[in-house]
Each structure stands twice: as structure tokens, then as C-alpha cells.
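Hi,

Here is the model I promised to pass on.

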Amino acid sequence: MKVAISSNGDTLQSNVDQRFARCPYYIIYDTDSGSFEAVNNESSMAGGGAGIQAAQRISDMGIGAVISGNIGPNAFRVLSAASIKIYSGATGIIKDIIEKFKKGEYKQTSSPDVDSHFGMGRGN
Amino acid sequence: MIISIASGKGGTGKTMVAVNLALSLSNIQLVDCDVEEPNCHIFIKPDIENRSTVSIPVPEVNRDKCNGCGRCQEVCAYNAIAVVKKEVIIFSELCHGCGSCSYFCPLKAIDEKNKEIGIIETGRKNNIRFVHGKLNVGMMMSPPVIREVKKCIDKEKTVIIDSPPGTSCPVITTIKDTNFVILVTEPTPFGLNDLSLAVEVVRKLGIPSGVIINRSDLGNEKIDQYCAREGIPILMRIPFDRKIAEIYSNGDTIVRSLPEYKSKFGDLYKKIEKIINDKKTK
């Protein structure tokens, strides 16, 4: 299964980004092969609907699970419809998060944990 | 003549200028295009005579015809559609009603239905004709409501339009096709920064403009220096006066409580008229 982790950089030493849809990169980790790649998040600067667009791309990439700091309601709706597992509340560096994920330390998130526009840095 | 009142920065005094200018002139139509939080009615207290709704067409998918191809999602410029597992998910609050999705759907599986997004109210108070729009709570698309408000403009009158703050779509929808833009600012770094952004917008739209400095005796001289450098006329200065703040907070108007302001706002109009006439003769 491929897991997408919102990241503020393109290496395993990067920190998880607290914003699902407006993070600069996703680290895509393959739990079967143990390999990873970093992809640019083209939705990070979207005028509006970043969560919807980001979730669409994640779905199109055949991702099975996402890990992030926070997930907004629109992204949550699309990811859920695509049956992608959602794990939010992650902190720290990507490498440690992958280890924790493999050990089953994260619990699936059942509802969005921030409002729309959380990732726009306006404090709402 | 149509005069719009804009600002860049919010809270600089657009509504105060719009309302008091309207009360200082005759044959006026006051148009409040700040449809997200219209305020002019609080001061004018118009009798509303007419109320109508504003709708935009939003897509509705006919599931019997849709094969989940995703074309609607690709063409939506506003990220209002997602298609996952052949299922179309529509976020109608992000829809601008452009119609691309139904136009491009190869199976003609998208119908458009009207979604109410706001209302328009028209009325009058004494000799002032009044129009404003109100965007429904939770809606994000103010330009369609603003366009409907502007359809009520009566060109036989001197039209004063109160604009929303900022420099984005709602402001551009409001000020375009007006004859003059009054930019209200304050002598603070934020005031200057947002004024300079607003100046860029009015220049791009080719609309003549001038500046009113509100709370003009606070802050620094940088607005004056900027206007001199850029060749933008300063039309009026309104001092930081506790009396004005109290009048405004009570929902009253400056020209009613401090009658000397009536001629000041009258002079403001004359200056604008002169700028427009000078442009015409050039």
C-alpha cells in the first residue's frame, strides 16, 4: 500500500506538515517495497478548493492512506469517498512517522479535525 | 456619474464616506456592494420597497447517465468537483456557476439547477434611492450578488457605490465601469501598503481615482509622500476626532451631527467632478 504523508520538505528527515492540502510536498511511502518518493503538491497555492484538489490527486495516484497534521472537511469527504484511510494528528519527522505507522501506532481519524481554510495561515 | 468608494485595507472609513457624501448631495442613489457585510442601511435607515433573490446555476449529476469519466472535474477552474471511484462529488459552495462542467460533459449527464446565494433590497429614504445586496450566510461567491446589485443602478442619478474592502474579485466587480474611485486610507503602514495595491488595481482598470485620508492627524507622512510621488490627488482629510467616532458608533452620520461637514463633502464631489471633466477635455 502507498501512504502519502504531508511534508514540509522532500526527504525522510523533513517534518510532517500540519496542513494536508497546502503542504509543499507529499512523501509517498510504499509499505510493500519500503521505497519512497517525494512529489510536489500542486494544490499548495490553489486559490480555493485546495483540499478537494489535493484529495483528488492523492486518489488518482492510487494512495491507500494519508498521514497529516490536520485534515479539513472537504478533503476528508473526498478521501473518504475514495476509501483512503486517514490518519491525522501526526507530528515530527517523516522517518519516525513511517516507523510508528508500520507499528500500528496511529489510529484512523473518523472526522475532519479543522475547519476549511485552516491551511491558509489566517489563524482560523 | 458613478463614484465608487474602495480602500484596499478594511476599516478605513468607506461606508462613512459613502453615506455622508450621499447625504450631502441631491438626486442620489446609494448602492451598497459590500454584500458580505453591508452597513450603509444602518446609517441611512431606508424603507425597503422591493426584495428579490439572487441565484447561480450549480451542477446536478444525473447518475443514470454519468459514467464517472472525470471530465467535469478536469474542467472545473474552482476545484468544486471531485470524481473518485467513478462517483462525482460536488462542492456547490465553491461553484461559481460558470457552466463549464455541463458544457463539457460528454454524456450530457449534468443539469444545472438554481441555488439561491443572496438577496437584493431596494428602497428609499427621503430623496435618496437605496440598493444593497446581502450574500447568504455560508456562501462564498459574492460577485454574482454584486452584479445583480449593479443592475439596479439608475444612471439618471449621481450614483455612490460602497465597495467591499480588498483588491480581489468582489472589489473589481464593484468598481469596474464606474467613473471615479475614491480610495479611503489611513496614515499607517497597513493603510499605505493596501492603498498602493488598490492604486495598482484602479490603474489597470483605467479608472481615475483620488485619496481620502481618514484619521489624518495620526501616523506619519508616508501616504502624502506616496500620493505626491504617484501623482494621486488627496481629495479630503478627515481628522481623528472622538466626536466623529461617537457619532458613528451611535449609527448616526457626521453631516447630521456636525453640519460643517456637509460643505466639505460637497467640495469633495466638486473636486471629483472637476477631475472627470478635465480628463474629458484632454
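**Helix packing in chain B**

In α1(B), the residues Asn20(B), Leu21(B) and Ser24(B) meet a set from α11(B): Tyr261(B), Lys262(B), Phe265(B), Gly266(B), Leu268(B) and Tyr269(B). Sorted by class, the residues of this contact are five nonpolar, three polar and one charged. Before going further, please keep in mind that this is a predicted model.

As for the geometry, α1(B) covers residues 14–24 and α11(B) covers residues 260–281, and their axes come within 9 Å and cross at roughly 95°. An angle from 65 to 115 degrees counts as roughly perpendicular, so α1(B) and α11(B) are roughly perpendicular to each other.

The other helix pair I looked at in chain B is α7(B) with α8(B). Helix α7(B) runs over residues 189–205 and α8(B) over residues 222–230; the axes cross at roughly 20° and come within 10 Å. With angles under 35 degrees counted as roughly parallel, α7(B) and α8(B) are therefore roughly parallel to each other. Their crossing is right-handed. On the α7(B) side the contact is made by Gly191(B), Leu192(B), Leu195(B), Ser196(B) and Val199(B), and on the α8(B) side by Lys222(B), Ile223(B), Tyr226(B) and Glu230(B).

**Domains of chain B**

Chain B comes in two pieces: domain 1 takes 2–54 + 118–281, and domain 2 takes 63–108. Over C-alpha atoms, the centres of domain 1 of chain B and domain 2 of chain B are 39 Å apart. Where they touch, domain 1 of chain B puts in five residues and domain 2 of chain B puts in four residues. The side belonging to domain 1 of chain B has four nonpolar residues, one polar and no charged ones.

**Chain A**

Now for the other chain. Chain A has three helices and five strands, and along the sequence they follow the pattern β-β-β-α-β-α-β-α. How does the radius of gyration of chain A sit against the globule rule? The value is 13 Å, close to the 14 Å that the rule gives for 124 residues, so chain A is as compact as a globular protein of that length. If you want dimensions for a box, the C-alpha atoms of chain A fill one of roughly 35 × 25 × 25 Å along the principal axes.

Within chain A, α1(A) and α2(A) pack with their axes 7 Å apart, at an angle of about 25°. That makes α1(A) roughly parallel to α2(A), and the crossing is right-handed. From α1(A), the residues involved are Gly51(A), Ile52(A), Ala54(A), Ala55(A), Gln56(A), Ile58(A) and Ser59(A), which meet Asn74(A), Ala75(A), Val78(A) and Leu79(A) of α2(A). That contact divides into seven nonpolar, four polar and no charged residues.

**Where the chains meet**

Chain A gives 13 residues to the contact with chain B, and chain B gives eleven residues. Which elements of chain A supply two or more residues to the side that touches chain B? They are α1 (50–60) and α2 (73–81) of chain A. The most comes from α1(A), with five residues. By class, the side of chain A that touches chain B has six nonpolar residues, six polar and one charged.

Cheers

How values were computed. Residues are numbered from 1 along each chain as its sequence is written. Chains are lettered from A and ligands numbered from 1 in the order in which they are written. This is a predicted model: local features need pLDDT of at least 70, side-chain atom pairs count only at pLDDT 80 or more; totals for chains, interfaces and linings use all residues. Two residues are in contact if their C-beta atoms, placed from the backbone, lie within 7 Å. Helices (H or I, at least four residues) and strands (E, at least two) are DSSP runs, numbered from the N terminus. Ala, Val, Leu, Ile, Met, Phe, Trp, Tyr, Cys and Pro count as nonpolar, Asp, Glu, Lys and Arg as charged, and the others, Gly among them, as polar. Domain bounds come from an automatic or database domain assignment. Axes are lines fitted to C-alpha atoms, for helices over the stretch in contact, and angles run from 0 to 180 degrees between N-to-C directions. Angles under 35 degrees count as roughly parallel, over 145 as roughly antiparallel, 65 to 115 as roughly perpendicular and the rest as oblique. A crossing is left-handed if the near helix is turned anticlockwise from the far one by less than a right angle, and right-handed if clockwise. The radius of gyration is taken over C-alpha atoms; the globule rule is 2.2 Å times the number of residues to the power 0.38.
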